[in-house]
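Subject: Structure handover

Hello,

Here is the structure to take over. Please open it first, then read the notes below.

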Amino acid sequence: MKLKLLVKAAALVAGLALAAATARPANREIYPDASQAKADLAAGLKAATQSHKRVIVDFGGNWCGDCQVLDIHFHNPQNRPILESNYVLVHINIGRMDENLDIAERYGIPVTLGVPALAVLSENGKILYGQRGGEFSHMGRMEPAAVTKFLVQWRPPKAGCSVMVVNC
């Protein structure tokens, strides 16, 4: 009986150690200096054009807990492959709601309703989706599956696929 308990405890400790090693720490620097936004967006659009991917523009700040959660969900084992194979992710630092507001406005993103706030652009920079109502501003209460659904919904269509083909 004691041996079973020790084995279970050891397995639990090993599992926790593995989870801690692969977890992304909270309060990390996701959003680069606000002065880099225009250059980062231009580089993201260039990369998307070359790779035929879409661009996710993520407006937020490193101070934002919900932004931290969104980034964790973006990079979890279920979502990372979808993100990396279909999108170029560009983080736009909005400071304390006082930086890069012109970029958010260009895409019709009302960051005053909360962040993170997302836009999806085609590889040519055309806006395909713009968050209008703070949909992702409560990431702390959302499941990773909500991010999966978003990524699947807005990924670019694969060659030879149509709306009639389910498994594309």
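One definition before anything else: a residue is buried under 20% relative accessible area, exposed over 50%, and partly exposed in between, using a 1.4 Å probe and protein chains only.

Next, the ground rules. This is a predicted model, where local features need pLDDT of at least 70, side-chain atom pairs count only at pLDDT 80 or more, and totals for chains, interfaces and linings use all residues. Residues are numbered from 1 along each chain as its sequence is written, and side-chain values use heavy atoms, with hydrogens and water left out.

**The sheet**

Helices and strands are DSSP runs, numbered from the N terminus: helices are H or I with at least four residues, strands are E with at least two. Two strands pair if DSSP finds at least two bridges between them. Strands of a sheet pair through backbone hydrogen bonds, either parallel or antiparallel.

Strand 1 (residues 54-60) pairs with strand 2 in the parallel sense, over seven bridges. Arg 54 has Tyr 87 in strand 2 as its bridge partner.

**Salt bridges**

A salt bridge needs a side-chain nitrogen of Lys or Arg within 4 Å of a carboxyl oxygen of Asp or Glu. How many does the structure hold? There are three salt bridges.

- Arg 28 and Asp 71 meet through their side chains at 3.0 Å, N to O. The pair links distant parts of the chain, 43 residues apart. Arg 28 is in the loop between helix 1 (2-22) and helix 2 (37-51), while Asp 71 is in helix 3 (residues 65-74). Arg 28 is buried, at 12% relative accessible area. Asp 71 is buried too, at 1%.
- Asp 102 and Lys 38 also meet in a salt bridge, at 3.0 Å, N to O. Asp 102 sits in helix 5 (residues 101-106) and Lys 38 in helix 2, 64 residues apart. Asp 102 is partly exposed at 41%. Lys 38 is partly exposed at 47%.
- Arg 80 bridges to Glu 84, with the closest N and O atoms 3.1 Å apart. Both are in helix 4 (residues 80-86), and because they are four residues apart, about one helical turn separates them. Arg 80 is partly exposed at 31%. Glu 84 is partly exposed at 42%.

**Aromatic rings**

Rings of Phe, Tyr and Trp (its six-membered ring) pair if their centres lie within 6.5 Å. Planes under 30 degrees apart count as stacked, over 60 as edge-to-face, and the rest as tilted.

The structure holds three aromatic pairs. One of them joins Tyr 129 and Phe 150: the centres are 5.4 Å apart and the planes stand at 70°, so the pair is edge-to-face. Tyr 129 lies in strand 4 and Phe 150 in helix 6 (residues 144-154), so this pair ties together parts 21 residues apart in sequence. Tyr 129 counts as buried at 17%. Phe 150 is buried at 5%.

Tyr 129 also pairs with Trp 154. Their centres are 5.3 Å apart and their planes are at 40°, so this pair is tilted. Trp 154 is in helix 6, 25 residues from Tyr 129 in strand 4. Ring pairs link Tyr 129, Phe 136, Phe 150 and Trp 154 into a cluster.

**His 73 and the cysteines**

His 73 is in helix 3. Is His 73 buried or exposed? At 10% relative accessibility, His 73 counts as buried. Contact means heavy atoms within 4.5 Å. Beyond its neighbours within four places in sequence, His 73 is in contact with Asn 79, Met 139, Met 142, Glu 143, Pro 144 and Val 147.

A disulfide is a pair of cysteine sulfur atoms within 2.5 Å. By this rule, there are zero disulfides. Cys 64 is buried at 4%. Cys 67 is buried at 0%.

Over to you.
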